[in-house]
Amino acid sequence: MKHKPVRYVWVPVVIALLAIPAGFIYVNWSKSGSGAGLYSRQWLPQAVFAYWDPDDFYDSVQTMKGTFKGKECVACHEGVTPGIVKDWRASRHSQAGQKVYCSDCHGNDHQNLHLPTPDVCGGCHATQHGQFQDEKRYGFPSHALAMERALDAKHFVDKPKAEVTACLQCHSVATKCDSCHTRHRFNAAEARRPEGCITCHSGPPHPDDETYFASKHGQLYLKEGQDWDWSKPLKKGNYKAPTCAYCHMRNGKHQVADKSIWKFGIRQVNPLTSNNEVKRDQWVKVCSDCHEADWSRQRLAELDKERKQAWQKLYAAERVLKDLRADGMLYPAAEERPPYPNDWMGRYLPYERIGFFEGQASAFFNVSPIERDYFEMWYFDNLGAYKGAAHADPAFVAKGHAAMERKLTAIRRAANVLRTLGEEEKAIGQRAAPQELWLKGEYTEYNREHN
Amino acid sequence: MKHKPVRYVWVPVVIALLAIPAGFIYVNWSKSGSGAGLYSRQWLPQAVFAYWDPDDFYDSVQTMKGTFKGKECVACHEGVTPGIVKDWRASRHSQAGQKVYCSDCHGNDHQNLHLPTPDVCGGCHATQHGQFQDEKRYGFPSHALAMERALDAKHFVDKPKAEVTACLQCHSVATKCDSCHTRHRFNAAEARRPEGCITCHSGPPHPDDETYFASKHGQLYLKEGQDWDWSKPLKKGNYKAPTCAYCHMRNGKHQVADKSIWKFGIRQVNPLTSNNEVKRDQWVKVCSDCHEADWSRQRLAELDKERKQAWQKLYAAERVLKDLRADGMLYPAAEERPPYPNDWMGRYLPYERIGFFEGQASAFFNVSPIERDYFEMWYFDNLGAYKGAAHADPAFVAKGHAAMERKLTAIRRAANVLRTLGEEEKAIGQRAAPQELWLKGEYTEYNREHN
Amino acid sequence: MKHKPVRYVWVPVVIALLAIPAGFIYVNWSKSGSGAGLYSRQWLPQAVFAYWDPDDFYDSVQTMKGTFKGKECVACHEGVTPGIVKDWRASRHSQAGQKVYCSDCHGNDHQNLHLPTPDVCGGCHATQHGQFQDEKRYGFPSHALAMERALDAKHFVDKPKAEVTACLQCHSVATKCDSCHTRHRFNAAEARRPEGCITCHSGPPHPDDETYFASKHGQLYLKEGQDWDWSKPLKKGNYKAPTCAYCHMRNGKHQVADKSIWKFGIRQVNPLTSNNEVKRDQWVKVCSDCHEADWSRQRLAELDKERKQAWQKLYAAERVLKDLRADGMLYPAAEERPPYPNDWMGRYLPYERIGFFEGQASAFFNVSPIERDYFEMWYFDNLGAYKGAAHADPAFVAKGHAAMERKLTAIRRAANVLRTLGEEEKAIGQRAAPQELWLKGEYTEYNREHN
């Protein structure tokens, strides 16, 4: 009898050995659909994605047959699309001793053209490309991971297509270079100006547009920036007031993540770790191009204080929600909600995700009202206050904190109501039928069919 | 007995014959009040309207007696209002071989001056005037009909005067030319720049300001537009990035309605009709000044997709409301609401107008909360998403669709509540007293007295 | 017996005589804390306040020992902070026959430096300083009183620190000159441009940014302002379109309060008093630099009409609230709310403050929902409409009035609910436990500890 269990010891070993290749096969299979990323089989790309993520989605036009030399491309497109030829002529690509022609980036077979990915640009601009890719080391949020992480996030795939399309336009910063250097001039002077960043960096959750331009820095730029010499590198003494790139891409370094302490403001950070103190010193150095070092340090410490005060409020709200969850008082509860179309875990292990570390980022939709309130408090109000504090726009700080106050009060009130109702339900042993949410809407049947 | 009815056959004939002139007389009478348009007897113009709709409201100043020649006007006004003389001197009107003097547009009898209407400008600028008036063929919304349709809309007359005044300032684009070509320089270069359109084209329901300037097109303009040569016509190759007028008034054509497919986004359109395909080709041609044609077509198709997704949501909400109406569950119901002061039909045949085709545009006020929610979903959130998609500003698309989602959920929840209460009311055979709305507010007694 | 009362007649006299010095001592004591103003013992300043209110909070840096001459300051700071030296070199301070060196404003003892207050600047710029201080005569709101009144307002001290910090940044316009003339160039040309005002004058409650730039005036500035000669004084004929300073600081006068009629729009004003008629004439004169006088007068009368209509709505809402208060129907009532940490009066004589004259300005927090609604209607919606009307931005007028309508309706509905509940409570002789508000939040324990 003693040896019997030993006989079957190979069973879990075999299962484990099979599981590894099975896992690989599953992931490969899941990535081989028409979409891209981990959920590529759950969604279809739209035509326009080809321009935003060419590596995954671009197929060459078939309008024209033949293989062409650079000069031939130019000669023909001068008539067809004169605007881009004009831009190219004004660019360094056309002025260099050895010109960079259309065909050098797009290929010369007109039925097998490609749109240049960062790797193509990196063929010549190795330093900038290397710096840009280096952001990945610092995790998300970062420009270099913007597309990849988006495509692998289930809440991203689960959103209605119109929103996903809107999201992808900005997240394409990872998969092509013309988000900042617009084609086909690609000049650095253009990208140095704050407007180069603004199409994406505006509105919630990152009102950089609003907060920078409202600050004294931004107002100086608006008044005088037109007359500055933008061909100069982003170095001490070259500019009267800083711009996005001046501080975040100091000396033209194509890496904005290494100096980042508060990273978007999405979670609380201890600014006093030795690591963050090193980063803080780097920031003080940036500010000291114009301001005194001690003044700069105090202003940045003020940002830390603002953050502490913001998180005090956020934690208070989070606690209210977690207490409700612990007592089973959230309504509708996770198991009463329609699962995200792609959320297998959520289907079998329904659980209310509260706060950043539990994946609150996916709480855009299909959550109970009180959770949505917290999501907005965290993702919109809090991040607005953060940007206001970081960019020296007092209005956004005041507005963000006032909004957090109001949300906190609303959450407390709603919690009282949920508790009262929940206790009555428990007393009579009945549960109200769950509200519909998106059970019959965009987020279930429809998305399943149309993504 | 057989012939009896024949005797009275002339009765309806006479009534019909009398009704026609009676109708004419009634309309003439109704238009002959102190206001303007069909409801001219229900409201009084404010002094400032004289400048916005001079044909209807301007009376000459009486400050000065005498008849003057152009040179005399200039000589005197050089001292009185030097700014406008300076503008005139900088304008083509002062430089032409045969100068256009003040008196040529305003008349020369100082006690019988007039403010130039588009017809006055059209005396010389016949092409532009003709193109502008031609917009009327395409119905509303169009610039040329902006004033007329406003004055003939009962909800317009019924609004509080402060709002009507605000509305009229922009709608005056139809009745004077200086909305775009500011007096007294009137130069085309000025009107070619996007700011010429923005005073009116910003904010809900048409955030063109917000969406254009956030787009890459707008950001290029903001960065470099100051250095472009604005004296050049709006033609292929003349501008690095497009502006409002470049696309919507191609080659300077003073007609923005003929190419319009989605027209404001206020109702669903089939973009595949042969008529719309012709317009789409015109758009693709515009985009192809700079972009490849197939790329342009795909981007525009993306707009159609966004619209389809928006309308899916709007119809879902509309259905909820129409079901409620069919079951008599709207509260307060149309007959329980104060009628608009000027809404005779609504008084005798109260009916909840739901959706564009039933006149939802007049649902600004005095509707039940759930109808107001739908109105905002349709008129603010939806139109914001549309402009975002059309002008390539992803933030407005995402924001608009997320807002529509939230409204749809709110509408579904409110409908559940209305049904529950409505069924209880039916069960006990009682109806709750209707809520007040504007029964005693701006929209009834007060407007009646003050408009 | 007759004389007995006479014996003690000295008691109140002595009390009165003691009370006067006691009052002085108390106020002095209360002002001698670490903060500033009447509540200086209730809060601690943050490091950054030193730069905003140097007189109260700045302590010299201790980084460097020694006494230096102006030239020595420049020589050293050329390396340490080249940006500010560059600015100084471009300024008139460095070009004047008798140069104004760093030490002239900051002192020359490097361990006893000071930040220049308006008095320091006023040493040379006596006219401008005198005009600026003269604003105080006209009461609050005015720039010159911005800091003082803020620090002496209890609701200001009671706010969470992040908000107070944001507030103080703008209110520092009273206590230093570089809010408008940015250091260290300080040129007038910069401050003449509208951006000089915008960092503070944007967003609720004073959307000057939004309304000016959306107006035709602002749009002309945006289009052409870059090419205007900003070295010219703000005088008739020098500028094609007006800017903030052109109208409000005519001829460069550093006094914006003497011409103000509606002052922020926070209370109703009779524009027809002889005093206001004088001011109106001054305004008409400003407008007449470019426009005809009668046209200007009509436009300004239009503003009066808009204001009247706004106040009609505000008074209607105020009446609803005051009726509720009279009947004891506000919930939670003042005595059921946590007092502001610093509000001694509110603790012993709890009273709902409704409307401007009762101190509604302090109703940011800790008020019942219906009072908050009125506060927002008054302070945000109404003031937005005012600025729209004053700056000729129709969108803000329409938006503000529509928002006031909605709030008025919401207030009426909420009042109905409060009445129904209140009457039931009276009938059964019970009162529901008051809602929490900020009893356990930012506004009580936390602020008390952290301010």
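A salt bridge is taken here as a side-chain nitrogen of Lys or Arg within 4 Å of a carboxyl oxygen of Asp or Glu. The legends below describe a predicted model, in which local features need pLDDT of at least 70 and side-chain atom pairs count only at pLDDT 80 or more, whereas totals for chains, interfaces and linings use all residues. Residues are numbered from 1 along each chain as its sequence is written, chains are lettered from A and ligands numbered from 1 in the order in which they are written, and side-chain values use heavy atoms, with hydrogens and water left out.

**Figure 1. Confidence of the model.** The model has an ipTM of 0.81 and a pTM of 0.86. Where pLDDT is low, the predicted coordinates should not be read in detail.

**Figure 2. The interface of chain A and chain C.** Contact (heavy atoms within 4.5 Å) involves 39 residues of chain A and 47 residues of chain C. The buried area, meaning the accessible area (1.4 Å probe) that two parts lose on being put together, summed over both, is about 4,000 Å² between chain A and chain C. Carbon and sulfur atoms give 50% of that area. Three salt bridges are counted between chain A and chain C. A:Lys240 forms a salt bridge with C:Asp87, and the closest N and O atoms of the pair are 3.0 Å apart. On the side of chain A that touches chain C, helix H17 (216-224), helix H20 (293-326) and helix H23 (394-428) of chain A each supply at least two residues. Helices (H or I, at least four residues) and strands (E, at least two) are DSSP runs, numbered from the N terminus. By class, this side of chain A has 10 nonpolar, 11 polar and 18 charged residues. Ala, Val, Leu, Ile, Met, Phe, Trp, Tyr, Cys and Pro count as nonpolar, Asp, Glu, Lys and Arg as charged, and the others, Gly among them, as polar.

**Figure 3. The interface of chain B and chain A.** Here 40 residues from chain B meet 47 residues from chain A. The two chains bury about 4,000 Å² between them, with 50% of it on carbon and sulfur atoms. In chain B, the most area is lost to chain A by B:Lys216, B:Lys223 and B:Pro394, together 16% of what that side buries. The interface of chain B and chain A holds three salt bridges and 10 residue pairs in polar contact, both residues at pLDDT 80 or more. The side of chain B that touches chain A draws at least two residues from each of helix H17 (216-224), helix H20 (293-326) and helix H23 (394-428) of chain B. That side divides into 10 nonpolar, 11 polar and 19 charged residues.

**Figure 4. Charged pairs between chain A and chain B.** Over all chains, the structure holds 69 salt bridges. A:Glu190 pairs with B:Lys223 in a salt bridge whose closest N and O atoms are 3.2 Å apart. This pair crosses between chains, from helix H14 of chain A to helix H17 of chain B. B:Arg406 forms a salt bridge with A:Glu376, with the closest N and O atoms at 3.7 Å.

**Figure 5. Rotation axis relating the copies.** Chain B is superposed on chain A by a rotation of 120° with 0.0 Å of shift along its axis (RMSD 0.1 Å). The two copies are thus related as by a three-fold rotation axis. The superposition is by least squares on the C-alpha atoms of residues with pLDDT of at least 70 in both copies. In chain B, the C-alpha nearest the axis belongs to B:Gln226, 4.5 Å from it. Only 2% of the interface residues of chain B are also interface residues in chain A, so the copies meet through different surfaces.

Figure 6. Most residues other than glycine have a negative phi, and most peptide bonds are trans. The peptide bond from B:Arg183 to B:His184 is cis, with omega near -5°; B:His184 is placed in the loop between helix H13 (161-171) and helix H14 (188-192) of chain B. The peptide bond from C:Phe140 to C:Pro141 is also cis, with omega near 0°, and C:Pro141 lies in the loop between helix H10 (126-134) and helix H11 (146-151) of chain C. A:Phe186, although not a glycine, has a positive phi of about 55°. The loop between helix H13 (161-171) and helix H14 (188-192) of chain A contains A:Phe186.

Technical notes. Polar contact = N/O pair within 3.5 Å; in protein donor to acceptor, adjacent residues only side chain to side chain.
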